[in-house]
Amino acid sequence: ANLCEPHRFHCKKIMSGQNVAFSARPSGTVKRSAWQRVISKSSSKLLLLREETVLEHHFNNSNLRMDEWNELDELCRLISTRSHSKGECGTLDELIRNCATKVKQLKPVENYYAYPGSDVIEQLLKNLEERKLEHFCVLASSIARNVTSHTPHVMEASDRDGEEGIYKHRSVSKPYFEVLVVTGDDQVARDQFQDNFYRLRSPSDQFVYQLVFVNSYQDAVAACFFNSDIQSVIVGYGYALRSHYPLHFLHSVYSEGGDLPSEQVSELNLDIRLGEELHAWRPQIDLFKFAKLGVEKLATAKHRYSRLFFSRQSDMQELHLSVLGGVRNRFNTPFFNALKEYALHPTGVFHALPIARGASVAGSRWANDMFEFYGRNLFLAETSSTSGGLDSLLEPHGPIKVGQELAAKAFGSDHTFWVTNGTSTANKIVAQAICRPGDVVLIDRNAHKSHHYSACLTGFSAVYLDAFPLQPYAMYGGVPLRTIKESLLCFKSLGRLKDVKMLLLTNCTFDGHVYNVSKVMEECLAIHPGLIFLWDEAWYSFARFHPLYRQRTGMSAAQKLLERYNSDDYRQRYRAWAAEFAKKDQSDVNTWLDNPLLPNPDEVKIRVYATQSTHKTLSALRQGSMIHVHDELFEREVRATFNEAFFTHTSTSPNYQILASLDVARRQMSLEGFALVQSQIDKAMSLRKAVAADPEISKYFRFLTIAEMIPAEFRHTGLDTYLLDGSETKELHMAFNAWGEDGDEFVLDPCRLTLHIGQGGFEGDYFKNKILMDRHDIQINKTSINSVLLMTTIGTSRSAVAYFLESLKTEALKLDQMLNEIGAAELTVFNARVKKLTSDLPPLPNFSHFYKKFQSCERTGEGVMRDPFFLGYSEEDVEYIPLDDPRMLNIANETREYVASTFLIPYPPGFPVLSPGVVVSADIMKFFHALDVKEVHGFNPALGLRVFKQEALDRHVGVPKKVVSSACSSAAPRPAAASKPAAKNAQKSAPAAATVSSPASK
């Protein structure tokens, strides 16, 4: 039996604080005697658990159901092999009681699954009551094997033999899913519905499904969370509001509409509300509605149902086909299917690619090992053809076009484009499509290098925004909203707001800082209604598929704001806000900075782009990325330039295997993304808890908390850690509260774990390469001076979690041994190294400034990197200065300004410390000296820092200076009044002329 951290934590929680924990062996097993003691003790404690506590544990741990069936299987083994004498695990009667307890513990959860089903649970209890132990053990063990192996099984009426208490379950070879039916308590009607529905199934169906029945609103929500196999929901009538199980914890954690609806709510509104809540949990699943009365009213109301049906009997076949069709649509991978079909056709190749179909390597004496390593199918699918059922990425009209449309639906965008050159290329495509020379882009200084290269290629003026520093850990967070507003208000005060084209931010950051996306966009649009947003979501592709993360994604926030600003409720809210805001002292810029702002619905346009490295967090091949677009003006203003940018940066020979993997990655997340991301979170939480709970590990290693990664000023909800004492539901409640739109300005992705290693005397780069990789074959990504970054993904296994914990334990014990053996002198050296890594870190440098000749406006701090970027192409205009040169060591005392001629980019994390045209500051040099990474792009240690010669700078004419509008006024900007609600589909009124604020400090 596997015993990993999620179960270990569960044991500790349920055993009244008793610390029961084991170290997993490399094989993932534990000593039998220890395991038996846990079963014996924990089962007796579980007798005391209320149903709510049982369900609450499952809500917080997606692996717990599997673990509990494993425990029951082990109890069955003990019953089958032991004598009746009392032993270490107790008497046979005690084992039977423990089995009964375990089955009762599983009962509330199993109501939400078709397999094995609630009737089987009742049969298990009956077998125990009648002491039919052989029947019980055979049935329970077979279920446990199927549940833990994720092997789908179905049980049909003809398979039952209730008199003997034996159930025969048939395995399923086709893709399997379950359909939730929400209806009343009439068992006869349920049985009739199920029998009629199952008669419609055919052996020729592409899928196999089973029905799960619940009888309340609350149970429907719970089932969609607990059971990831549910792909469709049929909402009938006559269902209750509340479950007979205590499920209020579910709504205390998250509910789209807030509290549970009142008992007096109409059936129509209850149906609408249930559809909204199910869609909020899992927007990918298909929702169908059987309406007894008033189907026309529901049809004309705003609802989330895919299709409405009136009569159960006459529409049963259509419903069956709709259920299959909805899943088939998500299961479809048009390009992957086309590529597989193409590979099966005999083809004569008189085109490029000698390697196509393996022709040049399969029979080679010198290259056939490549064919054997990769396999036949890879080469059969390798082609330059865009015909024969395939498609062109540059001009898609067939399966690529359909695949991108399916991706847009899955990721919540208006348009989605596949990119085979990675998100570095995706970022350049978006920048070139939107920006022209002279446009201003507000950009996070710590953004990925591809954005800075975009500035060089497109010629836009960059305004670098500084993120908040995390000095003790030598890293940066995100850009505060106040900093962004200050920059926008500065441009507005100068009459140059129209020059600002785009705001570019990374969400989430390398280290897991996540913006309040809706809040950022709403307040920025209140100042600049036409601002375009580019969210670099390179590490965030998975976020769409879980309700915690989804609310802080670019596409979801864009849709939410679009719906909000088109509503009459928002117009009323805006008018009330504008009237109240007019009473404040608007001549003071702090009035605009300190108060929340709302945009005028008559002026605002939602224009949002997101770039994602699908390969980083989903099941896509390396370099597979996507661009998602939610832009009201895309077709009118951007489509043509976007196509040109796409042609510019996209290869005419895109890799078909990458494209196919993007297709499959979308399919997988559309069908099982919710479960995969939930499991990813569980594994991250288990890592955090295990490290914190182990006294040897935590002596030298610890995961940084939310409070350490995000300053208190950005966390008004007070959430400072994901490891709270008390109820696990309290953890999730506080997390959802903090992640909501009214929550914290920044939150921390729980799946990105920063391990602080300074207390062990380790530097990040050394620990990554020499300890984790060379000694334990563990791969991690980013490092800082005193930390390494781990991340759990949908591919992280429980075995990997256990192995990492074991490796960390090994290193902690080695440190203990080493410190016990060394002398006083060596201990002094060790303590000095620890102090250097934990207390004496160099200050993090902010952006200095652009050299005066590359600044287009000194007031706003904007600079043009294109000029210095290409000026640096001439070796005659640059010089190299070694880092130990006195000029660099004492740069603060130099009268000359040294200007970088190229990017200086430590990798990871991949953002520039210096950019072309930026002045080298003393803080930057001090930080660069303290860097622990060995790979620094743009820097040759043998030559030194590459800077411009002074004569080259003197010779350069400089970039054109921006002219401040003569319309500038000292009056602060005043919010325009929204027009009164107009008729539906009425055209928006022209934007009101805005006055200009007093200059904002920069």
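**Reading the inside of the model**

Mentor: Start with serine 625, which is buried at a relative accessible area of 0%. Buried means under 20% relative accessible area, exposed over 50%, and partly exposed in between, with a 1.4 Å probe and protein chains only. Bear in mind that this is a predicted model, where local features need pLDDT of at least 70, side-chain atom pairs count only at pLDDT 80 or more, and totals for chains, interfaces and linings use all residues. Residues are numbered from 1 along each chain as its sequence is written, and side-chain values use heavy atoms, with hydrogens and water left out.

Trainee: Where is serine 625, and what is it in contact with?

Mentor: Serine 625 sits in strand β19 (residues 625-631); strands (E, at least two residues) and helices (H or I, at least four) are DSSP runs, numbered from the N terminus. Contact means heavy atoms within 4.5 Å. Leaving aside neighbours within four places in sequence, the contacts of serine 625 include Phe417, Trp418, His615 and Leu662.

Trainee: Which residues have the most contacts inside the largest nonpolar core?

Mentor: A nonpolar core is a set of buried Ala, Val, Leu, Ile, Met, Phe, Trp, Tyr and Cys residues joined through side-chain atoms within 4.5 Å. The largest has 186 residues, and Leu503, Phe701, Leu755 and Phe767 have the most contacts inside it. Helix α28 gives the largest share of this core, 14 residues.

Trainee: How many salt bridges are there?

Mentor: Look for a side-chain nitrogen of Lys or Arg within 4 Å of a carboxyl oxygen of Asp or Glu. The whole structure has 42 salt bridges. In one of them, lysine 782 meets aspartate 511 at 2.9 Å, N to O. Lysine 782 lies in the loop between α32 and β23 and aspartate 511 in the loop between β15 and β16, so the pair ties together parts 271 residues apart in sequence.

Trainee: Is lysine 782 buried or exposed?

Mentor: Lysine 782 counts as buried, at 5% relative accessibility, and aspartate 511 is buried with a relative accessible area of 5%.
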